[in-house]
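Dear colleague,

Please find below the structure that I am handing over to you.

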Amino acid sequence: MASNVLLLRHVKTRPGNAFVDTTAVVSSEIVKFLVSLLMVTFEEGGPVRAVKRIFERVVLRPIDTLLVAVPAACYSVQNNLSLVGIGNLDAATYSITYQLKILTTAVFSVLMLKKQVSKLQWLALVLLMVGVATVQLDQMQEIVQSGKQRLHHNPLIGFSAILVASVSSGFSGVFFEKQLKGSDTSLWIRNIQMSGIGILAGSTAMFIYDGETVLKNGFFHGYDSLVIVCICSNAFGGMVVANVVKYADNILKGFASSLAIVLSCFAAVLLFSIELSRTFFLGAGLVTVAIVLYNATGVKPRPKKD
């Protein structure tokens with residue numbers, strides 16, 4: 001995931017014809033769909049049995065399939081709300097507030113999955129939230145300063161948008177985790193459901209926002225080998241996240257994502273000659289302490305009575 005951040009940064013900032021962002025989103029979902037389809041074929045021992053299994057799990061279980069649309073819709077909502085937030089908040093407030101998703105994920109894990117979290121682990125989650133926000137602070141300030149000055153700056157709207165986005169992020173992640181762990185449907189069929197819905201939603205957004213450009217220049221305008229690598233890397237990252245959620249949980253996924261952010265910043269120093277500030281090292285230190293503290297502590301099981 002850290003490598004994907006660096007790839008995306010390079011692809012988006014290099015000179016030349018730029019690709020349309022919405023086509024890249026659709027392409028990534030198509031890659032996930034095809035890989036998941038291939039894996040189901042491998043698991044079932046052939047394409048005929050794979051088609052039969054997918055028909056049984058997806059078509060004959062419409063309610064179960066529709067439930068997968070819930071986290072997909074939440075992801076779409078949070079992405080749009082995050083744009084509203086950055087448009088109405090200063091860099092520091094946005095960076096810190098958006099990391100509330102770390103805590104909302106833990107809260108929903110306790111409420112929906114009955115996960116036990118110790119007091120020291122809650123402290124570790126708070127440290128992680130502050131650490132990630134601190135690491136991203138310098139980058140967010142550069143983005144805001146390099147952009148155009150906002151004419152309509154409403155902190156209340158921005159804070160409300162990020163608050164809802166954080167809740168949406170926590171809920172959707174835990175809801176999807178419950179779907180993965182609470183049924184006998186395989187991970188790859190779940191990925192087929194998610195990516196199928198993602199293709200439909202992404203295609204709709206593409207035609208609404210960039211339809212004229214895509215029809216004029218073509219779907220693959222601006223694509224080259226590096227763009228394709230970036231798209232495949234993003235698709236691979238999405239499938240890795242699904243595996244982490246399936247076999248671990250969303251809280252550990254949050255720690256992994258936070259560590260990836262720190263690693264990507266270190267890599268950016270080597271690749272893009274970026275200077276890291278004291279603020280970054282403070283945040284990186286907090287992330288490290290949070291990871292150690294969370295894994296070193298936990299809720300001890302109660303001894304069984306004789």
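This is a predicted model: local features need pLDDT of at least 70, side-chain atom pairs count only at pLDDT 80 or more; totals for chains, interfaces and linings use all residues.

Contact, a term used throughout this message, means heavy atoms within 4.5 Å. With that in mind, Arg61 touches Glu56, Asp184 and Thr185, when residues up to four places away in sequence are not counted.

Residues are numbered from 1 along each chain as its sequence is written, and side-chain values use heavy atoms, with hydrogens and water left out.

The chain as a whole

The mean pLDDT (the predictor's confidence in each residue, from 0 to 100) of the protein chain is 81, and 82% of its residues reach 70 or more. Over residues 146-151, however, the pLDDT is below 50, and this stretch has 6 contacts in the model beyond near neighbours in sequence.

The secondary structure comes to 12 helices and 0 strands. Helices (H or I, at least four residues) and strands (E, at least two) are DSSP runs, numbered from the N terminus. Of the 306 residues in the protein chain, 40% are buried. Buried means under 20% relative accessible area, exposed means over 50%, and partly exposed lies in between (1.4 Å probe, protein chains only). Among contacts between residues at least 6 apart in sequence, 86% join residues at least 24 apart.

Axes are lines fitted to C-alpha atoms, for helices over the stretch in contact, and angles run from 0 to 180 degrees between N-to-C directions. Angles under 35 degrees count as roughly parallel, over 145 as roughly antiparallel, 65 to 115 as roughly perpendicular and the rest as oblique.

Helix H2 (residues 21-44) packs with helix H9 (residues 187-217) at an angle of about 160°, their axes being 8 Å apart. H2 is therefore roughly antiparallel to H9. The crossing of H2 and H9 is left-handed; a crossing has this hand if the near helix is turned anticlockwise from the far one by less than a right angle, and is right-handed if clockwise. By class, the contact of H2 with H9 has 13 nonpolar, 9 polar and 4 charged residues. In this classification Ala, Val, Leu, Ile, Met, Phe, Trp, Tyr, Cys and Pro count as nonpolar, Asp, Glu, Lys and Arg as charged, and the others, Gly among them, as polar.

With helix H10 (residues 225-247), H2 packs at an angle of about 55°, and the axes are 8 Å apart. H2 is therefore oblique to H10. The crossing of H2 and H10 is right-handed. On the H2 side, Ala24, Ser27, Ser28, Val31, Lys32, Val35 and Ser36 meet Ile231, Asn234, Ala235 and Met239 in H10. The residues of this contact divide into 6 nonpolar, 4 polar and 1 charged.

Lys32, in helix H2, deserves a separate look. Is Lys32 buried or exposed? Its relative accessible area is 17%, so Lys32 is buried. Leaving aside neighbours within four places in sequence, Lys32 is in contact with Ser195, Ala235 and Met239.

Other residues

Arg61 lies in the loop between helix H3 (47-59) and helix H4 (62-88). Arg61 counts as partly exposed because its relative accessibility is 32%.

Gly131 is found in helix H7 (residues 119-146) and is buried, with a relative accessible area of 0%. Which residues does Gly131 contact, leaving aside its neighbours within four places in sequence? They are Gly283, Leu286 and Val287. The C-alpha atoms of Gly131 and Val289 are separated by 9.3 Å, although these residues are 158 residues apart along the chain.

Ile251 lies in helix H11 (residues 250-272) and counts as buried at 3% relative accessibility. Not counting residues up to four places away in sequence, Ile251 touches Thr105, Ala106, Ser109, Lys115, Val117, Leu125 and Tyr294. The C-alpha atoms of Ile251 and Thr104, 147 residues apart along the chain, are separated by 9.9 Å.

Lastly, Lys114 lies in the loop between helix H6 (100-113) and H7. Lys114 counts as exposed, at 67% relative accessibility. Phi of Lys114 is near 60°, a positive value in a residue other than glycine.

Yours sincerely
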